[in-house]
Amino acid sequence: SRRSGKAMASSETTKKPGVVYLARVPPYMKPEKVKSLLSQFGEVERVYLAAEDASVAKKRKKEGNSKAKMYVEGWIEFASKKVAKAVAASLNNTPIGKVKKREYYSKKRKKEG
């Protein structure tokens, strides 16, 4: 019974980290930017973003598109599991990043007369 009392006391003082999964990372967004965006919700311990496949990157660069490193998915570890759950619930299906400002990305297209 002595052991269980100590184990309970130590588990109450240390919080379990929580991990949030990003299914899609906006183009050219770097781990530092993701960390700065999500740190407003709570303490971010680690950010891992998976880089796009080398063959896809090579094809993109060969076609003349940007040579910047792109990421396809990611995981963000928060210091608190409670914070991670709240972030996941509030940001679910919410776009992250800039809004496209060009006319042909707009939902309301101007009619040419």
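Tyr-21, Tyr-48 and Trp-75 form one aromatic cluster. The model is predicted. Its sheet is open and has three strands, in the order β1-β3-β2, with antiparallel pairing. Two salt bridges and two aromatic pairs are counted.

- From one strand to the next, the twist averages 15 degrees.
- β1 and β3 (residues 71-78) run antiparallel and are joined by five bridges.
- Leu-22 has Gly-74 in β3 as its bridge partner.

**Helices packed on the sheet**

- Helix α2, residues 31-38, packs on the sheet and touches β1, β2 and β3.
- The direction of α2 makes about 140 degrees with that of β2.
- Helix α4, residues 81-91, also packs on the sheet, where α4 touches β1 and β3.
- Between the direction of α4 and that of β1 the angle is about 25 degrees.

**Aromatic residues**

- The number of aromatic pairs is two.
- One of them is the tilted pair of Tyr-21 and Trp-75, with 5.3 Å from centre to centre and 50 degrees between the planes.
- This pair links distant parts of the chain, as Tyr-21 belongs to strand β1 and Trp-75 to strand β3, 54 residues apart.
- Tyr-21 has a relative accessible area of 42%, so Tyr-21 is partly exposed.
- Trp-75 is partly exposed as well, because its relative accessible area is 32%.
- Tyr-48 belongs to the aromatic cluster with Tyr-21 and Trp-75.

**Salt bridges**

- The count of salt bridges comes to two.
- In one of them, the side chains of Arg-46 and Glu-77 meet with an N to O distance of 2.7 Å.
- Arg-46 lies in strand β2 and Glu-77 in strand β3, so that the pair, 31 residues apart, links distant parts of the chain.
- Arg-46 counts as exposed because its relative accessibility is 56%.
- Glu-77 is buried, since its relative accessible area is 13%.
- Another salt bridge is formed by Arg-60 with Glu-52, whose closest N and O atoms are 2.4 Å apart.
- Arg-60 has 11% relative accessibility and therefore counts as buried.
- Glu-52 also counts as buried, because its relative accessibility is 16%.

- Ser-80 is found in the loop between β3 and α4.
- With 13% relative accessibility, Ser-80 falls under the 20% cut-off and so counts as buried.
- A polar atom of the Ser-80 side chain lies 3.2 Å from the backbone nitrogen of Lys-82.
- Apart from neighbours within four places in sequence, Ser-80 is in contact with Lys-15, Lys-16, Pro-17 and Gly-18.

Methods
Residues are numbered from 1 along each chain as its sequence is written. This is a predicted model: local features need pLDDT of at least 70, side-chain atom pairs count only at pLDDT 80 or more; totals for chains, interfaces and linings use all residues. Side-chain values use heavy atoms; hydrogens and water are left out. Two strands pair if DSSP finds at least two bridges between them. Helices (H or I, at least four residues) and strands (E, at least two) are DSSP runs, numbered from the N terminus. Axes are lines fitted to C-alpha atoms, for helices over the stretch in contact, and angles run from 0 to 180 degrees between N-to-C directions. Contact means heavy atoms within 4.5 Å. Buried means under 20% relative accessible area, exposed over 50%, partly exposed in between (1.4 Å probe, protein chains only). A polar contact is a pair of N or O atoms within 3.5 Å; within protein, one must be able to donate a hydrogen and the other to accept it, and residues adjacent in sequence count only if both atoms are side-chain atoms. A salt bridge is a side-chain nitrogen of Lys or Arg within 4 Å of a carboxyl oxygen of Asp or Glu. Rings of Phe, Tyr and Trp (its six-membered ring) pair if their centres lie within 6.5 Å; planes under 30 degrees apart count as stacked, over 60 as edge-to-face and the rest as tilted.
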